[in-house]
Structures are given as structure tokens and as C-alpha cells.
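Here are my notes on this one, for when you have the viewer open.

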Amino acid sequence: MTEIDKFRQILSEFDSTPKINTNPTFMDICQLGGDKFEERCSQILRFYLDPNGPHNLKSLLLNSLLEAAQKSDTCFSPAKTKVITEEMTEEGKYIDITVISDSMVIAIENKIGASLYNPLDNYARHINRNYPDKEVKIFIVLSAKRIYDSAEIQKIKENDYIYINYSSFFTAIKRNLGNYALDADQAYLTFLLDFIRTIENRFYHRNMELKNFFYENRKHIENLLHHYDNFKNEIHQIRKEQISQYKTLICSKTGAEWWIYQGWDLGISFNDKTHRIGIESSFSNGTFENPLGMFHIYITVWRKSHFFTYEQQLKQKYPNSHIDYNAINGTRVFLHIAILPPDKPETIISTLAETYNTLKSIVDKHNAAETESKQ
């Protein structure tokens, strides 16, 4: 088997290897980390564990939690159920989540990433002392990470707590979801699924098949990447040389000083200290037949708010050109002028010069009008 055949085989195997959805969840975007992340998780659970919440999922989470705790036969009145967080004990400690119903009370110690250092005995005493009328008292350690430490396991058992891993809890929720999803508020259902995926991505979805693929093929992959880097560098060098030639020609034709940014971007700008606008151009989308790719010419406004200074004149001059109002993460505006093949340098230089003359005229008129208005 040749080296290229091996690379093709590796790419084929990679395409068929299962991959998890690694796109950031809404909670990831909010960047909730550390202790605050655990607090937010408790607040999210408080909301969804309440059968009377506006999510309209009714008792889905509470029933699923009882199922995971092997307490499915526990009877309670959803209408008489409330959920609170941070209930303070007589000793000044705080129970993460307390579920209180007509005949049942559940104390939940919610653990995300931290070790189980909490005074479970204190929580149990508080529940037994303050809810004597509840026939059923359930104590739960709900943990995102798997608990293997023998001391922590012993602590859970000694205080009559039930250990539930989030994975088991989520499995029960997914299994029961079909009975509740139709009546649910779809926005809140989406948030719940986002919460589940956030925890699963952080603690359970390790993408073992993909990791195993990388371990087994890493030498070939490194070799492939080495060749690919050389290929990209070769193309980049050819583009740099071409851009350099274009700069010499366009500077001569316009009598202006154009610049090259990082070897690949040929441009010029006006009003750099006020409403900066200019021309940029570069290669992109190379192919085997055309390694350089097509040559793109576009007018750039570096701050979106400054574009409106020139918008009317630009639209009149280039009525059919596409305007990208959200370029570079929404900070710039691009007005695309032309896409030209690299084998026609005369056309490229003449188009750059024509665009330069047009833009310079627009800028000069704007600056003259602005100067006149100040006099």
C-alpha cells in the first residue's frame, strides 16, 4: 500500500468514526464555571423539579429522580409540592435542594465536580427535626462525577443517603420524556436538553472511539499533517510572491503607497484617523488546477458605524455588489467588488486601479464637504 493509499484509508476511517456534538451549549456560551456552575445547576434543577413550574413538564424530573433512587412507588401530590434551594440548618449549613410535598421530603446534595466534604449528618438531622410529619424522607447525593472514593461511599451509606449519578438521572428523564414532551413549553424543554448535554459533554461523552482512532493512527496522521503543512506553505509562498508583484504594479499605476498585511492581503486605506475605509484583496479557494485560487477585491470599512458615512455613494456606484454587514465577527463591513482569475494580472491591476480611483473620489468629496461644513 502506498503512502497516499494509506492516507485515503485513514480519512475514510475517520469519516466513519462516531463523533459527539462538541458545539458549545448555551450554558457553555455563558461560561459558567467553578462553584458558580454548581450553584446554577442547583437553580436549574430547582426549576424543573417543581411539578407546578411554567415548563409544563409536570413531574417528569421528580418522577425520574425517584425512579433513579429506586423509590418509584413513593406517593405524593404534585399540586402540594414545592422546591427550594439553600435551606439553612440550625448549624448554619445549607442543603442544596429540598423537595417538600404533602407526605414526602427529599434532601439533595448536588455535586458537580467537587469532592463530598459536606456534613450529610447535619442535613439529615435538620430534615428529621423540621419535617416530622412527612412519612417519607429521602436523602440523595446527586453527583455529576462518578464517586469511587471508599471514604465518600462509606459517608453516603452511614448517613442513609442514596447515591445517584447524573447519568442514571438523565437516562430516566430521556426514557420518560415521551410522556410529557407534547404538553411541555418547547422553549423550556430546549433549555432542559441543553442542560443535559452540557453535563454529559463535561463528564460522560469522552468520544472513546475517536480517541482510539487517533492513538492507533497517530504516526500516519502526524505524517499526513506534516505533508499538508508543507503543501499549505508552498501555496502560501506562491501567493506571497504574486501579491508582491501586484503591489509593485498597482503602486506604479496609482502613484499611491499600498501595503501588504502578513504576506497575503494587498490593500490601501483612507481616513485612517477618522472614518477609515479602504480596499483589500487576496487569494482564496484554490484547486488542483488553480492552486492560487481566485483573486478577491473588496472595499473594507473597519468599523461598522463608519460605513454609513459612505453607504449611499457606494451603493450608487456599485448597485449590484454584495455587502457583508457582519464581516469579521460583526465589526467590519465588506463590499465585494470582483472575483478574478489569477492568470489575468492586467485585469486584476486595472480593476484595483479603477476601484482605487472611485473610492478616492468618494472619500475626497466626503472630506471636502465635511471641511466646508465646519467653516
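**Notes on the predicted model**

1. First, the overall make-up. The chain carries 12 helices and 11 strands. Its radius of gyration is 32 Å, well over the 21 Å that the globule rule gives for 375 residues, so the chain is more spread out than a compact globule. Keep in mind that this is a predicted model.

2. On extent and surface: the C-alpha trace spans about 90 × 75 × 40 Å along its principal axes. The chain exposes about 21100 Å², with carbon and sulfur atoms supplying 51% of that area.

3. What about the inside? Buried residues account for 43% of the 375 in the chain. If you take contacts between residues at least 6 apart in sequence, 61% of them join residues at least 24 apart.

4. Now the sheet I'd look at. Six strands make up an open sheet, ordered β6-β7-β8-β9-β11-β10, with antiparallel pairing. The edges are β6 (259–261) and β10 (323–326); each has a single partner strand, so one side of each has no neighbour in the sheet. On average, neighbouring strands here are turned by 30° against each other, ignoring direction.

5. On one side, eight bridges join β9 to strand β8 (residues 277–284), and the two run antiparallel. Ile277 is the residue standing opposite Val301 of β9. β9 also pairs with strand β11 (residues 332–340), again in the antiparallel sense, over seven bridges. Two of the bridge partners to click on: Phe295 goes with Leu340 in β11, and Ile297 with Ala338 in β11.

6. How buried is β9, then? Seven of its eight residues are buried, so this strand is largely enclosed by the rest of the structure. As a reminder, side chains in a regular strand alternate between the two faces of the sheet.

7. A helix covers part of this. Helix α10 (residues 304–317) packs on the sheet and touches β8, β9, β10 and β11. The direction of α10 makes about 165° with that of β10.

8. Is His306 buried or exposed? With a relative accessible area of 12%, His306 counts as buried, because the cut-off for that is under 20%. Leaving out residues up to four places away in sequence, His306 touches Thr274, His275, Arg276 and Val301. Val301 is the β9 residue from point 5, opposite Ile277.

Conventions. Residues are numbered from 1 along each chain as its sequence is written. This is a predicted model: local features need pLDDT of at least 70, side-chain atom pairs count only at pLDDT 80 or more; totals for chains, interfaces and linings use all residues. Side-chain values use heavy atoms; hydrogens and water are left out. Buried means under 20% relative accessible area, exposed over 50%, partly exposed in between (1.4 Å probe, protein chains only). Helices (H or I, at least four residues) and strands (E, at least two) are DSSP runs, numbered from the N terminus. Two strands pair if DSSP finds at least two bridges between them. Axes are lines fitted to C-alpha atoms, for helices over the stretch in contact, and angles run from 0 to 180 degrees between N-to-C directions. Contact means heavy atoms within 4.5 Å. The radius of gyration is taken over C-alpha atoms; the globule rule is 2.2 Å times the number of residues to the power 0.38. Accessible areas come from the Shrake-Rupley method with a 1.4 Å probe; for residues, only the protein chains shown count as cover.
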